[in-house]
Amino acid sequence: FKSPSNVVLIDASNKHITSGIIDEHSHIAISRGVNEGTQAVTSEVRIGDVINSDDINIYRQLAGGVTIAQLLHGSANPIGGQSAIIKLRWGQSAENLKYHLAKPFIKFALGENVKQSNWGSQYRTRFPQTRMGVEQIIYDAFVRAKEYKENNQAYRKNKKLQKPRKNLELDALVEIMDGKRLVTCHSYVQSEILMLMDIANQFNFKINTFTHILEGYKVAGQLKLHGANASTFSDWWAYKYEVNDAIPYNAALLIDAGVNTAINSDDAEMGRRLNQEAAKIVKYGHVSYEEAWKSVTLNPAKMLQIDQYVGSLKENKDADIVIWSSNPLSMYSKVEKTFIDGRCYYSIEQDLEHREIIKTEKSRLLNKMIKNQK
């Protein structure tokens, strides 16, 4: 085989080649905008407006084989802000990081965070303060959104009616009811998971993804029936009260029940090691290597409804490709190259060269400072 002269050939003998890792739950590359916790419903705020393209975690996660991440609003609100899905195109502008083929998402949250139980004694005034209040505020928000939608529909039919005042907060909720915006929900406890699915059924939409969902194994059948995805941790537990019933077999049990399941990071440091997080579910539950690898590639692609473009190596899909030194489920495996859309954004050889350049430049500057002090 003779390749064209302008094609770069890479010797990948004895290497492992995979599609890029996809992190369904990330908070990297957000410039002072993870949480807008001043009120309970903040569906008008947008993570896409505060992307920090210079965040070094983008580069570090490329070195861990990550090519796509969903940047989520925090969990301070029952209904939080709108998400941003990015490709980790290190060196590009914030706008060029955005993956425009992805559908719009929004962050919901349940449990201790939204009722401010761990915020300290000064946070005792914002509604809701109880789990029943969390349910009611979500329900009330959709009642308002439904009425807002009906009033807008009536005005479009009869221009003689008073035009409803535009409400960006309710516009996002109407998009949810119309299936144009998808919900990712921070969750832990089975009763709250069931509660939110019940509200969604009442307003004729689906909860796309329950993230964390550490009691998902208790309600796997209901999740399957609802059509929800599960994005969970591999082995996090016991870090707060509502995580008491978490078990490391959660992902395996959800997979066995037929629920599309992914492993996410929710942490900049863990985002660099999602291949190892996926490997843990082989230990906990005897999940096959293939199924474990899908939990950080194809399964999150399906959750984000971009699996026709990414998540596996297939003709006509995006050229998001990672070359590993050995089996990526091994803790000894290293990423040697990461490609996004066919362009190399990380190379272990280039990284070593850049380190030497930085080292030399640092030494030059320090010597100049020392010389000027004399």
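Guide: Two ground rules: residues count from 1 along each chain as its sequence is written, and side-chain values use heavy atoms, with hydrogens and water left out. As this is a predicted model, local features need pLDDT of at least 70 and side-chain atom pairs count only at pLDDT 80 or more, while totals for chains, interfaces and linings use all residues.

Visitor: Why is Thr 232 called buried?

Guide: Buried means under 20% relative accessible area, exposed means over 50%, and partly exposed is in between (1.4 Å probe, protein chains only). Thr 232 has a relative accessible area of 0%, so it counts as buried. Thr 232 is found in strand E9, residues 229-232; helices (H or I, at least four residues) and strands (E, at least two) are DSSP runs, numbered from the N terminus.

Visitor: What does Thr 232 touch, not counting residues up to four places away in sequence?

Guide: Contact here means heavy atoms within 4.5 Å. On that basis Thr 232 touches His 212, Ile 213, Leu 214, Asn 250, Ala 251, Thr 261, Ala 262, Ile 263 and Asn 264.

Visitor: What makes a set of residues a nonpolar core?

Guide: The members are buried Ala, Val, Leu, Ile, Met, Phe, Trp, Tyr and Cys residues, joined through side-chain atoms within 4.5 Å. The largest such core here has 41 residues, and Phe 108, Ile 138, Phe 142, Phe 210 and Leu 223 have the most contacts inside it. Two or more residues each come from strand E6 (105-109), helix H3 (131-157), helix H4 (168-177), strand E7 (182-187), helix H5 (190-202) and helix H6 (220-226). H3 gives the largest share, seven residues. Another core, of 36 residues, lies apart from it, with Ile 58, Ala 252, Ile 281 and Tyr 345 among its members.

Visitor: Which residues is Phe 210 in contact with, leaving aside its neighbours within four places in sequence?

Guide: Phe 210 is in contact with Cys 185, Ser 187, Ile 193, Leu 196, Met 197, Leu 223, Ala 228, Asn 229, Ala 230 and Ser 231.

Visitor: Why do Arg 131 and Glu 192 count as a salt bridge?

Guide: The rule asks for a side-chain nitrogen of Lys or Arg within 4 Å of a carboxyl oxygen of Asp or Glu. For Arg 131 and Glu 192 the N to O figure is 2.7 Å, so the pair qualifies. The partners sit in helix H3 and helix H5, 61 residues apart. At 5% relative accessibility, Glu 192 is buried, whereas Arg 131, at 32%, is partly exposed.

Visitor: Where do Arg 89 and Asp 341 sit in the chain?

Guide: That pair forms a salt bridge, with the closest N and O atoms 3.1 Å apart. Arg 89 is in the loop between strand E5 (84-87) and helix H2 (94-97), while Asp 341 is in the loop between strand E12 (335-340) and E13, 252 residues apart. Arg 89 counts as buried at 14% relative accessibility, but Asp 341 counts as partly exposed at 40%. Both belong to a network of salt bridges that also links Lys 87, Asp 318 and Asp 320. The whole structure has 24 salt bridges.

Visitor: How do you know what is a pocket and what is a cavity?

Guide: On a 1 Å grid over the protein atoms alone, a cavity is a set of points where a 1.4 Å probe fits but cannot get out, while a pocket is an open set with protein on both sides within 12 Å along at least five of seven lines; lining residues have an atom within 4 Å of a point. The largest pocket holds about 690 Å³. Of its 26 lining residues, Arg 60, Ala 63, Arg 272, Tyr 346 and Arg 355 are closest to its centre. H11 gives the most to that lining, six residues.

Visitor: What lines the largest cavity?

Guide: Ser 19, Gly 20, Ile 22, Thr 67, Ile 68, Val 310, Gly 311, Ser 312, Asp 318 and Asp 320 do. The volume of this cavity is about 40 Å³, where a volume is the space filled by probe spheres set on grid points joined across faces, edges and corners.
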